[in-house]
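Subject: Structure handover

Hello,

Please look it over before reading my notes.

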Amino acid sequence: MFSLLRFKSLSLKIKSVLLRPINYTIIMRKNIVAGNWKMNKTFSEAEELTDQIVLEMEDKDLKCELVVCPPSPFLEMASDYAEESRLKVGAQNISEHESGAYTGEISAPMLDSIDIEYCIIGHSERRKYFNETDQQLATKVDLLLDYGIKPIFCVGEVLEERESNTHFDVVKKQLGNGLFHLNSDEFSNVVIAYEPVWAIGTGKTASPEQAQEMHAFIRKLILEKYGKETADEVSILYGGSCNPGNAKVLFSQADVDGGLIGGASLKANDFLAIASSFE
Ligand code: PGA
C-alpha cells in the first residue's frame with residue numbers, strides 16, 4: 001500500500017535533491033588525434049596525404065581536433081593547407097636552443113614564423129636514438145611555450161619497466177622532470193601523450209584497461225600538482241599501435257582524450273577512421 005506517510009517522505013526526498021546546490025563540473029577538455037609521420041614521405045607524397053586528409057575531413061563532423069606532424073621540410077606546405085581548413089599542424093621536434101650556430105637544427109621561432117601550433121616533445125625515439133635528457137626536454141617545452149606553440153609531451157615505459165612493475169614510477173619521473181616546473185597557466189597549454197614504448201610500431205597495443213589505468217594515474221599527478229580544474233582540462237592522448245580497429249574502445253576510456261598515431265596516420269582513410277572513433 002502506498003501510504004500517505006510514505007508519499008510525504010518520498011516527496012521530501014525529491015525536494016531535498018532538487019534543493020541541493022547543483023555542482024556540475026563541465027569538463028571542457030579537447031579530444032585530439034595527432035598523426036606523427038616520423039621520417040616518412042617525399043614532398044609530393046606528403047602533399048597528396050595532406051590534401052586527402054583536408055578533403056576527407058570536410059565531409060565529416062569530427063568530434064576531435066585533427067593534427068598532422070609531418071617532417072620539417074613539409075611543415076610550411078601543411079601549414080598552408082591548414083590555413084584553408086580545420087586541420088592543425090605540429091612539428092616532431094625542436095632544438096633546445098633559440099637560434100645560433102647549431103647546424104641542422106630547427107628552432108621554436110622558426111616554427112612560430114610559419115604558424116605551427118603543436119610540437120611533439122620527448123618521443124621515445126628521440127629519447128632513445130638521440131639521447132635526449134629530461135633536462136633538454138624541459139628546456140624545449142619552455143621554448144615552445146614562449147613562442148605560443150603547444151607541446152605534445154610524450155611519456156611511457158619500456159617493456160622491462162612494465163614487467164618489473166616500475167612503469168608508474170618511470171612516467172611520474174618523466175612528467176616531474178619535463179613538465180612540473182611549469183606554472184598552471186603554462187601547463188594548461190600542454191598536451192600529454194602516453195606511449196608505452198613496447199606498443200610503438202609493434203602492433204601490440206596497450207589494453208584499454210592498461211591505457212585507462214595509466215591515464216588516470218597521470219591525471220591524478222596533475223591534480224595533486226595543479227588542482228582539479230587543470231587536471232580536468234588537460235588532454236591525455238594514447239599512442240602505440242592505435243588503428244581504426246582499436247581506436248573506439250581506447251578513446252571510450254574515461255581519461256583517454258585521443259591518440260598520437262604513427263603508422264596508421266600515413267594513410268588518409270585510416271587516419272580519418274581513427275579520428276571518427278569518438279562516440
Ligand atoms: P605507432 O606509433 O602508431 O606506429 O605505434 C606511435 C608513435 O610513435 O607516436
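Predicted model: local features only at pLDDT ≥ 70, side-chain atom pairs only at ≥ 80, totals over all residues.

Residues are numbered from 1 along each chain as its sequence is written, and side-chain values use heavy atoms, with hydrogens and water left out.

**Strands**

Helices (H or I, at least four residues) and strands (E, at least two) are DSSP runs, numbered from the N terminus. Strands pair if DSSP finds at least two bridges between them.

- E2 (residues 65–69) and E3 (residues 88–91) run parallel, joined by two bridges. Val67 has Lys88 in E3 as its bridge partner. Helix H3 (residues 75–83) carries the chain from E2 to E3 in a right-handed β-α-β crossover. Right-handed means that, with the strands pointing away from the viewer, the path from the first strand over the helix to the second runs clockwise.
- E3 and E4 (residues 118–121) also run parallel, with two bridges. Ala91 is partnered by Cys119 in E4. The crossover from E3 to E4 goes through helix H4 (residues 108–113) and is right-handed.

**Largest pocket**

A pocket is an open set of points on a 1 Å grid over the protein atoms alone, where a 1.4 Å probe fits, with protein on both sides within 12 Å along at least five of seven lines; lining residues have an atom within 4 Å of a point.

The lining has 21 residues. Lys38, Met39, Gln92, Asn93 and Arg126 lie nearest the centre. Helix H5 (residues 124–129) gives the most to the lining, three residues.

Regards
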